[in-house]
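Welcome! Please take a moment to look over the sequence and the model shown here before reading on.

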Amino acid sequence: MPSLDVQLLRGRFPALARETSGRATAFLDGPGGTQAPDSVIAAVGGYLGRGNSNLGGAFDTSREADEVEAAARNAVADLIGSDPHEVVFGQNMTSLTFSMSRALAREWGPGDGVVVTSLDHDANVSPWRMAAADRGARVEVVGIDPDDTTLDLAALERALSGRPRLVAVTAASNAVGTVTPLADIVAMAHAAGALVYVDAVHHSAHRLTDVHALGADFLAASAYKFFGPHTGLLYGKAEHLERLTAYKVRPAPEKGPGKWETGTQSFESLAGVTAAVDYLASLGKGSDRRARLGDAFSRIREHEEGLSLRFLRGLSELPAVRVFGITSPHRLDERVATFAIAVGEVAPREVAARLGSEGVLVWDGHYYAVAVMEALGVLDRGGLVRIGFVHYNTESEVDRTLDLLEQITG
Ligand SMILES: Cc1ncc(COP(=O)(O)O)c(C=O)c1O
């Protein structure tokens, strides 16, 4: 299979040329936000430079804003496998989820249930908890197997026997990297009469989604996690977007995605969203953008799995480092290249600070994946260190990180 030309594509990311104390900076915090390629940066600036406007006016720059928005809906539809009119934009995933939770909860009442999971980022937990509390509905939490941080599907089955209204589940954990068996979960939830709200924020940098094939009811993502600017996006099945009542101002559209888009969107970001999808598609080959995205993500996956293997092998030689999550080289299809580790008794903040001072940027703490950290019993020790690789990261960055970890555990 043709692979990625990582050195070539790195040249398109100005931030990757940044140095820390004379050494190249290693951006290993893709899970917190990825870097942007030149075309995304140009698209954002280009929109503002050509003339900023609002939608629906009778003049050129307004028509251009309409076009920018339509192009972004088409691009996201190609990225997630939906129709463009099922794509809603908003400030970020968290805001979109709070907004949709409020709309969905109008259909709930006392005695109804909602299921969330311990793998979820809190942005896919708290909105449902608060909406359920408003309606007197109950919330059940499906846990994980702490040994490999996979979802407890037997517990999900039990939770579904109470016929909940909704299952909120992540496609991939932003903490431990576990990929959930979404097709199975959607089938199980639908058989029990529940809707499924998927958080694809972390998943979207690593794997391609086909939301129609998946059959999920909602799927949320955020462009700054897939090499774009800070804008959130939400897929909703057309029938739900039409049926549900949106909290909106009266002049806003009554139909279509515009019904869900409160206020004015960031059109410069939408221009960047299209450029981010086009950038990803440019990494693959195919007759149309969706096909190129499919090919690109196969290459991305192959490269990232190589980095995961190298990192896991290196870590296995550092007995003081404990990896929380899947470590088997034979199970890389069940995880992305995001690793949560404990480095002996050294506080996560100190590990991150030491790596940071050497130009290796990693996060520490709980990264809002509070439930995972609780389930793993590491909240009180300051969480874990998170090291995340995306397609622009390299083997030499993996090796440099391993060397530094060895020095810290020294
Ligand atoms: C898995 C996951 N879900 C949701 C979010 C929240 O996304 P946003 O910042 O767009 O609200 C994040 C952000 O870190 C995340 O990693």
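## Before you start

Residues are numbered from 1 along each chain, following the sequence as written. This is a predicted model, in which local features need pLDDT of at least 70 and side-chain atom pairs count only at pLDDT 80 or more, while totals for chains, interfaces and linings use all residues.

Helices (H or I, at least four residues) and strands (E, at least two) are DSSP runs, numbered from the N terminus. Two strands pair if DSSP finds at least two bridges between them.

## The seven-stranded sheet

Let us begin with an open sheet of 7 strands, in the order β4-β12-β11-β10-β9-β5-β6, whose pairing is mixed. At its edges are β4 (87–90) and β6 (138–142), each pairing on one side only. From one strand to the next, the twist averages 20°; axes are lines fitted to C-alpha atoms, for helices over the stretch in contact, and angles run from 0 to 180 degrees between N-to-C directions.

Strand β5 (residues 113–117) pairs with β9 in the parallel sense over 2 bridges, with V114 opposite L166. Strand β10 (residues 195–199) also runs parallel to β9, over 5 bridges, and there L195 is the bridge partner of L166.

## Helix α3

Helix α3 packs on this sheet, touching β4, β11 and β12 (232–236), and its direction makes about 115° with that of β4. Contact here means that the C-beta atoms of two residues, placed from the backbone, lie within 7 Å.

The 21 residues of α3 should span 30 Å at 1.5 Å a residue, and the end C-alpha atoms are 30 Å apart, which agrees; the expected span is 1.5 Å times one less than the number of residues. Among the buried residues of α3 are A65, V68, E69, A72 and R73. An α-helix has 3.6 residues a turn, so residues three or four places apart point the same way. Just after α3, G81 takes a positive phi of about 80°.

## The four-stranded sheet

A second open sheet has 4 strands in the order β13-β14-β17-β16, with antiparallel pairing. Because β13 (321–324) and β16 (363–365) each have a single partner strand, one side of each is left without a neighbour in the sheet. The twist averages 35° from one strand to the next.

β16 pairs with strand β17 (residues 384–388) over 3 bridges in the antiparallel sense, and W363 stands opposite R386 in β17. Helix α12 (residues 348–357) packs on the sheet, touching β14, β16 and β17, and its direction makes about 170° with that of β16. Helix α14 touches β13, β14 and β17, and its direction makes about 15° with that of β14.

## Helix α11

What do the buried residues of α11 pack against? Their partners are α1 (6–10), α3 (60–80), α10 (267–282), β14 (338–343) and α14 (395–409). The buried residues of α11 include R289, L293, F297 and I300.

## Around the ligand

Of the 13 residues around the ligand, N92, T94, H121, N174 and S222 come nearest; a residue counts as near if its C-beta atom, placed from the backbone, lies within 6 Å. The shell divides into 4 nonpolar, 8 polar and 1 charged, where Ala, Val, Leu, Ile, Met, Phe, Trp, Tyr, Cys and Pro count as nonpolar, Asp, Glu, Lys and Arg as charged, and the others, Gly among them, as polar.

Key: Buried ≥ 20, exposed ≤ 12 C-beta atoms within 10 Å, placed from the backbone.
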